Amino acid sequence: MTNRLKVGVVISGRGSNLQALLDACTDPAYPAEIVRVISNNPDVEGLRRAERAGVATETINHRAFENRESFERSLSDAMEAAGVELICHAGFMRIVTGDYLSKWHNRLINIHPSLLPAFPGLNTHKKALDAGVKLHGCTVHYVREEVDVGPIIGQAAVPVLDGDSEDSLADRVLTAEHKLYPLCLRLVAEGRVLVDGDRAIVKYAGPFDPNILLSPAS
Ligand code: GRF
């Protein structure tokens with residue numbers, strides 16, 4: 001496919017969601033391509049995943065900057081220099097603010113391991129178990145100033161089972177994340193997602209239902 005959307009991915013570690021996106025992009029019919037992967041942590045597995053896929057990588061270590069603003073400027077400049085049109089945060093464990101958010105407004109998406117607005121922040125699987133919810137899951141959304149808030153592009157739900165531990169629940173959610181993120185990126189790249197105030201309106205004419213309940217086995 002020509003005119004694929006040029007995507008930059010920002011990670012902090014393992015990069016399994018990055019891997020799901022890289023795998024989706026191997027399909028020539030997929031409407032996006034990953035042109036740059038940036039990590040704020042050096043020597044992480046996600047960087048090796050990108051290298052194996054032949055994608056250019058960079059480490060921009062936030063610890064080397066005086067403040068958040070200069071780190072974010074460097075990140076933004078690097079993405080711009082790589083010709084990136086849309087940024088995906090995928091397990092990127094830093095809060096973003098100010099100019100970075102305005103520059104990439106509605107061109108910056110994130111995956112969060114809960115069914116937002118339930119359980120923003122960290123330790124979402126523990127929060128879900130403590131709350132006794134029977135459905136948990138993940139959300140892909142546009143990034144806004146407030147953490148884990150922003151127009152929702154898609155969600156996938158998984159059951160919480162008797163006897164689940166944080167790890168078993170995290171594994172089930174992660175399997176859903178790996179399906180949801182490539183699906184949502186596809187919808188965005190195809191121009192099917194319209195941001196209207198606090199909501200994202202998704203128009204799809206194909207087999208993709210961004211709010212489908214994904215069973216662990218599917
Ligand atoms: C995922 O659960 C993601 O939703 C959360 O952090 C985890 C990152 O995993 N923000 P990976 O680096 O994509 O494997």
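Q: By class, what makes up the lining of the largest pocket?
A: The lining of the largest pocket has 14 nonpolar, 14 polar and 10 charged residues. Ala, Val, Leu, Ile, Met, Phe, Trp, Tyr, Cys and Pro count as nonpolar, Asp, Glu, Lys and Arg as charged, and the others, Gly among them, as polar. This is a predicted model, where local features need pLDDT of at least 70, side-chain atom pairs count only at pLDDT 80 or more, and totals for chains, interfaces and linings use all residues. Residues are numbered from 1 along each chain as its sequence is written, and side-chain values use heavy atoms, with hydrogens and water left out.

Q: Which residues lie nearest the centre of the largest pocket?
A: Gly91, Phe92, Met93, Ile111 and Pro113 do, out of 38 lining residues. A pocket is an open set of points on a 1 Å grid over the protein atoms alone, where a 1.4 Å probe fits, with protein on both sides within 12 Å along at least five of seven lines; lining residues have an atom within 4 Å of a point.

Q: Which element supplies the largest share of that lining?
A: α6 does, with five residues. Helices are DSSP runs (H or I, at least four residues), and strands are too (E, at least two), numbered from the N terminus.

Q: Why is α5 called roughly perpendicular to α6?
A: α5 and α6 pack at an angle of about 115 degrees, with their axes 9 Å apart. Angles under 35 degrees count as roughly parallel, over 145 as roughly antiparallel, 65 to 115 as roughly perpendicular and the rest as oblique. So α5 is roughly perpendicular to α6. Axes are lines fitted to C-alpha atoms, for helices over the stretch in contact, and angles run from 0 to 180 degrees between N-to-C directions.

Q: What makes α1 roughly parallel to α2?
A: Helix α1 (residues 16-25) and helix α2 (residues 45-52) pack at an angle of about 15 degrees. That value therefore makes α1 roughly parallel to α2.

Q: Which residues of α1 meet α2?
A: Ser16, Leu18, Gln19 and Leu22 in α1 meet Gly46, Arg49 and Ala50 in α2. Contact means heavy atoms within 4.5 Å. By class, this contact has three nonpolar, three polar and one charged residues.

Q: Why are α1 and α6 called oblique?
A: Their angle is about 45 degrees, with axes 9 Å apart. α1 and α6 are therefore oblique to each other.
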